[in-house]
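Below are some notes to read alongside the coordinates. They are set out as numbered points and can be checked one by one.

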Amino acid sequence: MITAALLKQRMESRPFRPFRIHMSDGKTYDIPNHDAMFIKRNVVEIGTDLDVDSIAERFIQCAILHITSVEDLATAKVA
């Protein structure tokens with residue numbers, strides 16, 4: 001079960017690892033950096049349509065209860 005505490009731990013991990021949230025309705029949301037999501041007790045606010053400076057065009061609210069899984073996103077390897 002996904003909890004606010006688990007998401008907070010994920011957001012504070014160093015180094016940050018980008019991840020994808022899967023919702024019960026089949027939607028997915030990518031979290032590319034630690035500024036893209038705010039965690040509340042029962043809801044997360046996810047920034048969408050990020051520009052090159054990671055500034056969100058808008059935020060959507062998702063109930064944590066409806067998050068079914070979290071997976072790492074592949075990151076480019078630096079040579």
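1. Does Asp-49 count as buried or exposed? The model is predicted, and in it Asp-49 counts as exposed because its relative accessibility is 53%, where exposed means over 50%. Asp-49 sits in the loop between E4 and E5. Its phi is near 55°, a positive value in a residue other than glycine.

2. The loop between E4 and E5 also holds Ser-54. Ser-54 is not a glycine either, yet its phi is positive, at about 65°. With a relative accessibility of 27%, Ser-54 counts as partly exposed. Most residues other than glycine have a negative phi, so both backbone positions deserve a look in the coordinates.

3. A further backbone point concerns a proline. The peptide bond from Arg-14 to Pro-15 is cis, and its omega is near -5°. Most peptide bonds are trans. Pro-15 belongs to the loop between H1 and strand E1, the latter covering residues 19-23.

4. Next, the sheet. Three strands make up an open sheet in the order E3-E4-E5, and their pairing is antiparallel. Strand E3 (37-39) and strand E5 (58-63) are the edge strands, each pairing on one side only. On average, neighbouring strands of this sheet are turned by 20° against each other, direction ignored. Helix H1 (residues 4-12) packs on the sheet and touches E3 and E4. The direction of H1 makes about 140° with that of E3.

5. How many bridges join strand E4 to E5? There are six, and the two strands run antiparallel, with E4 spanning residues 43-48.

6. Thr-48 counts as buried because its relative accessibility is 13%, and buried means under 20%. Leaving out residues up to four places away in sequence, Thr-48 touches Ala-56, Glu-57, Arg-58 and Ile-60.

7. Two aromatic pairs are present in the structure. In one of them, Phe-16 and Phe-19 are tilted, at 6.0 Å centre to centre and with 45° between the planes. Phe-16 and Phe-19 are both buried.

8. Why does the pair of Phe-38 and Phe-59 count as tilted? The planes of the two rings are at 40°, so the pair is tilted; the ring centres are 5.5 Å apart. This pair links distant parts of the chain, with Phe-38 in strand E3 and Phe-59 in strand E5, 21 residues apart. Phe-38 is partly exposed, at a relative accessible area of 45%. Phe-59 likewise counts as partly exposed, at 40% relative accessibility.

9. The last point is a histidine in a loop. His-66 lies between E5 and strand E6 (67-72). With a relative accessible area of 39%, His-66 is partly exposed. Which residues is His-66 in contact with, leaving aside its neighbours within four places in sequence? They are His-22, Met-23 and Ser-24. For His-66 and Met-23, the separation is 43 residues in sequence and 5.6 Å in space, C-alpha to C-alpha.

Definitions and conventions:
Residues are numbered from 1 along each chain as its sequence is written. This is a predicted model: local features need pLDDT of at least 70, side-chain atom pairs count only at pLDDT 80 or more; totals for chains, interfaces and linings use all residues. Side-chain values use heavy atoms; hydrogens and water are left out. Two strands pair if DSSP finds at least two bridges between them. Helices (H or I, at least four residues) and strands (E, at least two) are DSSP runs, numbered from the N terminus. Axes are lines fitted to C-alpha atoms, for helices over the stretch in contact, and angles run from 0 to 180 degrees between N-to-C directions. Contact means heavy atoms within 4.5 Å. Buried means under 20% relative accessible area, exposed over 50%, partly exposed in between (1.4 Å probe, protein chains only). Rings of Phe, Tyr and Trp (its six-membered ring) pair if their centres lie within 6.5 Å; planes under 30 degrees apart count as stacked, over 60 as edge-to-face and the rest as tilted.
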